[in-house]
Amino acid sequence: MSAEGHDHALDHEHEHHHKETFITKYIFSIDHKMISKQYLITGIIMGVIGVLMSLLFRMQLAWPEESFKIFNILLGDKFAPNGVMANDIYLALVTIHGTIMVFFVLTAGLSGTFSNLLIPLQIGARDMASGFMNMVSYWLFFISAVVMLSSLFVEAGPASSGWTIYPPLSALPQAIPGSGMGMTLWLISMAIFIASSLLGSLNYIVTVINLRTKGMSMTRLPLTIWTFFVTAIIGVVSFPVLLSAALLLIFDRSFGTSFFLSDIYIAGEVLHYQGGSPVLFEHLFWFLGHPEVYIVILPAMGIVSEVMATSSRKPIFGYRAMIMSVLAIAFLSTIVWGHHMFVSGMNPFLGSVFTFTTLLIAIPSAVKAFNWITTLWKGNLQLNPAMLFSIGMVSTFITGGLTGIILGDSTLDINVHDTYFVVAHFHLVMGISALYGMFAGVYHWFPRMYGRMMNKNLGYIHFWVTAVCAYGVFFPMHFIGLAGLPRRYYTNTSFPLFDDLQNVNVLITTFALIGGVFQLVFLYNFFASIFYGKKSVQNPWKSTTLEWTAPVEHIHGNWPGALPEVHRWPYDYSNPNHDVDFVPQNVPMKPGEEELHH
Amino acid sequence: MTSLLVIIVLVLLAVALWQLTKIFDLTQVGSNRDTSEVATDDDNNVQGYIMFTFLAFLYIFTIYGLFKWGPLVLHTPASEHGEDVDFLMNITWVLIFIVQAITQALLHYFAFKYRGKKDQKALYFADNNKLEALWSVIPAVVLAGLILYGLYAWTNIMFVDEDEDTIVIELYAQQFNWKARYSGEDNVLGKANVRLIEGVNSLGVDMADPYSQDDIVVTELHIPIGKKVHFKMRSQDVLHSAYFPHFRAQMNVVPGMVTEFAFTPVFTTAEYRELPYMIEKVAHINDLRAKKSVELVAKGETALDPYAFDYLLLCNKICGASHYNMQMKVIVDTPEDYKKWINEQALLVTQVKEANATPVPAIDGATKMDSTKGADTAVVVKMAMK
């Protein structure tokens, strides 16, 4: 044992003498493992709320303006008199569903959980670079979630101008009631959320750059770490732009400036705004908004890569190509935002440029998909629930990604823009795919988080019902979009033209309800396993990465003795030079053994 | 009652799950720390077969969808450029289906074929530059083709030549309706600004502008077949989006600026109604409506009207609580019918004069149009009323 390691061991002994109170251990913890659990549980709670909202408005879409007691119970007499959902609360539900799922579940819930858990454990660090900042990051996230949820109880209702909050609709309470107090709380919540996200991201970046253990070069990092690292960089580059947009919108709303507003006549009077442009807001919003979908999907890609290699007992195919494609996607993600704005009224020449950059993203995405498929080829697949979700993620990513070729092409976007075709596309490619990535991560690292195993049979039921329902919901949705049905319509009954789509809507809602109810299987499995799951062995999946070399019981500093040293890349599965089918990263090279992957 | 039922179902579900896990536990014999929750060869076998079944599900569901829901999608474009759009769309769909069929098959077949077995060792296959180059270059080449064709079509659609012979029409959006302003014989729209909105002049047209003297404002859009229509769009309150699905046309309408879109209709409303696909679609819709009507009448409500096809202009950008109900009927006429119709419409300037001429109950009503005789009369009338 090196002298340095010995010191650490002593430090560690010393730490144990501190008595941890309930508050420092479970609430204001600065231990990355506890913070990761806090993120996960908060994310799951927000996810339950977000999914529940979607079920409510799906019921309205399938059985428009019919009375359901559950509406009255959940939405109250004001928004669901006699159990019939009102049109403004419909828009509010759509808005808050989108906000919660994109930001609170798939950004904070996903990145927050797995970046926190895995970055120190997989790079061989005792904790994050700044444990305090990490704690502040979580608590800001928590506060922003509370503020967002509290907006549900505002008298005029929560923000209801869509999760993209385009002004003037979001700026003027005269235009929609939700743009009053509800919108103010939305903006405050997002400002706090962005602060949380920035603190977290900076911490991840610094930790990956500075705290890698001996031997852990950048090209020996597991792909999870690569994607978390790149995700954090995208977040730091793009989230401040959303913050600026939100601040300018607050100025327009509260202090009478005209950044986004001009020439408005509403409720019988001319407003004073002059010279601003809503298109400017759209540019600022999508400068975050588009990278945001990669903030959501990249960590899922990293998790899937890791789980696939482990469960295939094979190296991930094209490790370097995977890193290059992540970097390419990250770079391109910042120069494609205009594809959300082909018909926004911006110069059509810009449309041409953004079509070009957008379709370029298909190339690194295709590389990733083919590399995953090749990873399966001639593997020895251990089909655990985590592996099923990973395969499912590749499937939905391909299905959803392919329709992106239509939406990214400005000419074709003209007619499908803002229809259900878009809804189907992005739910498959970033919603379902990222959720699958998150589920894969939970099933795979649950033993690492809680020292216990989740029940695999419940996991199988959960996956298969979810897989069928996800396609059952979003595959038919493409057709109603191609029929020209706009999104965000409270009901389609004003248009007899769309009467023949009603049966499809009923089918979609049926699948959504079944799929939604079966998430209870996951919730049960998750929470029951925390307390009653079978105790896990140290390395249940026979994985090569460092987190499985740490003891099952969580300790401050992660490893009791010296930090592990790294001698090889993270994907030495079924290496022909070894008898066992996995060689952990901390196993020294045999005399004469060479690294095979270069 | 329903909530009670829901609660009972949830409780039963929880009990069932608990029992299930118990049963699984009892079948496992092992030490305290075990790996029984890790997939065994049996699990791999079962899950591998389900993977294969799922592939079949995907294929069958896709084919079923194409037959069942394929006829619902927009068909035969009603505009000239719509042909180009649909052509590109169809090429793209063929490509998508090929790639989807191959990749999903490989993914799920491999998951089945290489399902884990105890004595099997995976192939150590970490890299192959040739393969990776192959699947970088093929998508790049295919996409290059799509991009080039797409950009060619996009440029043709979006850039309107100012010298071209078009009919200029303004689309005017407000919560929650559309209006259209025809530029009249001079084919130039008079200036307008929301600050000039007043009474019948609900679009804020500058009545002092010589170009506005022949402008016509209507709430139903008529356009002639075979002539390019150049839409200039304004909104008075929030973002809206002018969406003509049958013409493959869409453009956002933005307060504070004028946005544009142009297309040439190629079927009159009457012709489009007679297309075989449309006859079938309308018959189907009327079937559904008839069935619904029976239900409604049974409940003591009024039956639904039978549906006849009309082109529509929809709002496709969330614009407020009644967004779902913002529409305008669009009628494509023969040139003769169009001429006849437009000649029947009153000029805005006449409407404004008439409105000012009629006694207005509200005393502070609008009468800033001073230089015209009509306005003068209005003032006189008002004074008389006092």
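Let us start with residues 66-161 of chain B, a span that is 70% helix and 0% strand, with its end C-alpha atoms 39 Å apart. UniProt, in an unreviewed entry, lists these residues as "domain: Cytochrome oxidase subunit II transmembrane region profile". Please keep in mind that this is a predicted model.

| Span of chain B | Helix | Strand | Distance between end C-alpha atoms |
|---|---|---|---|
| Residues 66-161 | 70% helix | 0% strand | 39 Å |
| Residues 164-344 | 21% helix | 31% strand | 27 Å |

Now to the strands. Chain B has an open sheet of five strands with mixed pairing, and their order is β3-β2-β1-β5-β8. The edges are taken by β3 (216-218) and β8 (259-263) of chain B; each has a single partner strand, so one side of each is left without a neighbour in the sheet. From one strand to the next, the twist averages 25°.

How do β5 and β8 of chain B run relative to each other, parallel or antiparallel? They run antiparallel, and five bridges join β5 (residues 228-235) of chain B to β8(B).

In the model, 110 residues of chain B are in contact with 119 residues of chain A. On the chain B side, the elements that give two or more residues include the helices α1 (2-27), α2 (41-68), α3 (80-113), α4 (129-158) and α6 (276-298). Strands β6 (240-244), β7 (249-253) and β9 (311-315) of chain B are also among them. Which element gives the largest share of this side? That is α4(B), with 15 residues. Sorted by class, the side of chain B that touches chain A has 62 nonpolar, 33 polar and 15 charged residues.

Finally, a word on confidence. The model scores ipTM 0.92 and pTM 0.91. Chain B averages a pLDDT of 88, and 88% of the residues score at least 70. The pLDDT is below 50 over residues 363-386 of chain B. Beyond near neighbours in sequence, that stretch has 23 contacts in the model.

Terms used
Residues numbered from 1 in each chain as written. Chains lettered and ligands numbered in written order. Predicted model: local features only at pLDDT ≥ 70, side-chain atom pairs only at ≥ 80, totals over all residues. Contact = placed C-beta atoms within 7 Å. Helix = DSSP H or I, 4+ residues; strand = E, 2+ residues; numbered from the N terminus. Nonpolar A, V, L, I, M, F, W, Y, C, P; charged D, E, K, R; others polar. Pairing = 2+ DSSP bridges. Axes fitted to C-alpha atoms, helices over the stretch in contact; angles between N-to-C directions. UniProt positions renumbered as here; feature names shortened; annotations may be inferred. pLDDT = per-residue confidence, 0-100.
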